[in-house]
Amino acid sequence: MEAGIVGLPNVGKSTLFNALTAAGAHAANYPFATIEPNIGVVPIPDPRLAILRDHIETQKLIPTSLKIVDIAGLVRGASTGEGLGNKFLSHVRETDAIIQVVRCFEEAPGGEEITHVDGTVDPLRDIETIEIELVLADLQTVEGALDKAKRAARSREDEAILRLALLEKLQPVLAEGRPAREVDLGSDPRTPGVLKGLGLITTKKQMFVMNVADDDALGEGTMAKSVRELARERGSQAVPVCARIEEELSDLDEADRVEMLADYGMNEPALAKLARATYELLGQQSFYTAGEKEIRAWTVAKGATAPEAAGVIHTDFQRGFIRAEIYSIADMEHYKSEKAIREAGKLRVEGKDYIMQDADVCHFLFNV
């Protein structure tokens, strides 16, 4: 799973990406890798790993991680080929969720002028600009697929009929300038698969990052409030981040970082909140394995079964799954050791139908 960072030019998108990747590279015990110049793997800050370490002696902690893609700046007219046009849109299509960065400050620190592509700073206008381009791109995709879908539906095959019905529902909504995620597509279990095959951008989950000024690190200014209100109306999230502060924090040692955070009234880097919010946006949750060699967080989709979680570790674990022994982080906090958890009867034995819960700590039994 990966999230793409999008935004107009000069809104701080690349500064934010650089800060995210630098934070990952410098975090103690946190594995980090840059896969390509514009792709980073960022650790998800997770205090629950430390809770387990307090009660289980281990050699290392390994958090789960998130893949972030820095997508080149979008400009008005991208849907018709302006700027990077189709290249930009194809990169967005390959991601699972969209992080839209919007500028919520007038001047950079020290009065440095950073020219906005539209001449003035207006985050709601910027959001509308980007969303119109994404909607227009999806409208082109849908209208381009309709004639072929009509011909295919003459075969009377169920999937071809379903595809045509979906396209006919999507086209008028997109033509009104509304995203595909607002369309009621019904409850047919085949719909998600057919929809994924269309490669639409505006079906993806989205959140906003408000790039704020140094003196508004918590995002309480007028511009940030307007974005937060829009996110609230849409049932989305808006996270305030001062990209410049975060970039500076990523280069400090722990003591200096704590001092700088305190100066800005922050208890942790904003990037930590952003990483967790993105993880939530993607519909992910964490489970853990814990032993002498390592305590490790693993990522699994919400609603996944115990065998599917086992398969995240190794495909053989899923193929030969027998059962899982599971307790929660809360159990460890209360009973202080796995031995005490077992003796208290709190170690649960779960089978193939068990739905994983966030913060499960697991031992998988399998036979191949």
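**Exercise 1.** Identify which residues line the largest cavity of this predicted model, and which elements contribute to that lining.

*Solution.* 
Step 1. The lining of the largest cavity consists of Leu20, Val42, Leu66, Ile68, Ile99, Leu274, Ala275 and Thr278.
Step 2. Two or more lining residues come from each of strand S5 (65–70) and helix H10 (270–281).
Step 3. With three residues, H10 gives the most to this lining.

**Exercise 2.** State how many cavities of 30 Å³ or more a search of the whole structure finds, and give the volume of the largest cavity.

*Solution.* 
Step 1. The search of the whole structure returns one cavity of 30 Å³ or more.
Step 2. The volume of the largest cavity is about 30 Å³.

**Exercise 3.** Describe the second largest pocket by its volume, the residues closest to its centre and the element with the largest share of its lining.

*Solution.* 
Step 1. The second largest pocket has a volume of about 480 Å³.
Step 2. It is lined by 17 residues, of which Thr95, Asp96, Lys196, Thr203 and Lys204 are the closest to the centre.
Step 3. Helix H6 (residues 191–198) supplies the largest share of the lining, three residues.

Methods. Residues are numbered from 1 along each chain as its sequence is written. This is a predicted model: local features need pLDDT of at least 70, side-chain atom pairs count only at pLDDT 80 or more; totals for chains, interfaces and linings use all residues. Side-chain values use heavy atoms; hydrogens and water are left out. On a 1 Å grid over the protein atoms alone, a cavity is a set of points where a 1.4 Å probe fits but cannot get out, and a pocket is an open set with protein on both sides within 12 Å along at least five of seven lines; lining residues have an atom within 4 Å of a point. Grid points are joined across faces, edges and corners, and a volume is the space filled by probe spheres set on the points. Helices (H or I, at least four residues) and strands (E, at least two) are DSSP runs, numbered from the N terminus.
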